[in-house]
Amino acid sequence: MIETLPLFHRIAGQPVVVLGAGEAAEAKRRLVQRAGGIVVDDLQEGIDKGARLAFIAHEDETAAEGDTVRARCAGLLVNATDRPALCDFTVPSILDRSPVLVAIGTGGASAGLAKQLRLRLEVLLPQSLGALAKALGAARAAVRGRFPDAGDRRRALDAALGSGGPLDPLDEASAGRIDDWLSAADHERVGAVEIVLHSDDPEDLTLRQARLMGSADLIAYEAEVPRAVLDRARADAARVMVAPGESPRPGEGLTILLRMARMAD
């Protein structure tokens, strides 16, 4: 189970309360401004203007707790710097390849850990990633025209964007290949694939198994399949439990059947 729900919140042109002095408060003001928000330094003014978020960066514990209570009573979601117990939300470390954003959070446990993970990913993700996202957005209508069925469209994009695919996000030249890919793309054959698990650890899934689970339209699973493995499947895929040895009824799209390996008698 994840402890917090990650969301991307649009604040451009919206008032956001930021309280406090010092570097921590200034960092939050810069963050709000970077996202196009309007910084409001007074809580009551922010409430009157309809603010929905508040960053509270007081060094004094009593002041931080007091303003947190006031903000919450007014219906604002609160981030209190260095005080995870007071936070309704935390601020992730952000890797910016606009419009692609990668947000890394630790639930307030360690901002340093989140930062170091971001720095590692900065080396891996090319600057061209934003251009690829923009090109895919511009080609949305063409992709829908080429693949009218949502399942076909998703599987085609999964294959193209996968490792070594023509639109591999880690390949700096991918953004310029979309037209060629659309011209050459074929429908991927779909059906049912059975995956026999020899471990209850999701980290032991092969790359192929993880890719198939991420593309499935239906996940059929036996009761012994652990929740941790099911959590690696595509979130909006339909799910059905089947009896041991049973197969699901055939349907449209890609069906993945998950079974646990059984010891020989």
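The largest pocket holds about 1300 Å³ of space. A pocket here is an open set of points on a 1 Å grid over the protein atoms alone, with protein on both sides within 12 Å along at least five of seven lines. Its volume is the space filled by probe spheres set on the points, and grid points are joined across faces, edges and corners. The model is predicted: local features need pLDDT of at least 70, side-chain atom pairs count only at pLDDT 80 or more, and totals for chains, interfaces and linings use all residues. Residues are numbered from 1 along each chain as its sequence is written, and side-chain values use heavy atoms, with hydrogens and water left out.

Helix 1 gives the most, with three. Helices (H or I, at least four residues) and strands (E, at least two) are DSSP runs, numbered from the N terminus. By class, the lining has 20 nonpolar, seven polar and four charged residues. Ala, Val, Leu, Ile, Met, Phe, Trp, Tyr, Cys and Pro count as nonpolar, Asp, Glu, Lys and Arg as charged, and the others, Gly among them, as polar.

Now take the second largest pocket. It holds about 760 Å³. Of its 29 lining residues, Lys 28, Val 91, Pro 92, Ser 93 and Ala 111 are the closest to its centre. Helix 1 again gives the most, this time with six residues. This lining splits into twelve nonpolar, ten polar and seven charged residues.

A cavity is a set of points where a 1.4 Å probe fits but cannot get out. The count is two cavities of 30 Å³ or more. About 50 Å³ lies in the largest cavity. Its lining includes His 9, Ile 11, Gly 50 and Leu 53.

Next, the backbone. The peptide bond from Ser 98 to Pro 99 is cis, with omega near 5°. Pro 99 sits in the loop between strand 5 and strand 6. Asp 82 has a positive phi, near 60°, in a residue other than glycine. Asp 82 lies in the loop between strand 4 and strand 5. Is Asp 82 buried or exposed? Asp 82 is exposed, with a relative accessible area of 74%. Buried means under 20% relative accessible area, exposed over 50%, and partly exposed in between (1.4 Å probe, protein chains only).

Last come the salt bridges. A salt bridge is a side-chain nitrogen of Lys or Arg within 4 Å of a carboxyl oxygen of Asp or Glu. The whole structure has 19 of them. One joins Glu 61 and Arg 83, at 2.9 Å from N to O. Glu 61 is in helix 3 (residues 61-73) and Arg 83 in the loop between strand 4 and strand 5, 22 residues apart. Glu 61 is partly exposed at 39%, whereas Arg 83 is buried at 13%. Another salt bridge pairs Arg 232 with Glu 203, at 2.5 Å from N to O. Arg 232 and Glu 203 lie in two loops, so the pair ties together parts that are 29 residues apart in sequence.

Notes: On a 1 Å grid over the protein atoms alone, a cavity is a set of points where a 1.4 Å probe fits but cannot get out, and a pocket is an open set with protein on both sides within 12 Å along at least five of seven lines; lining residues have an atom within 4 Å of a point.
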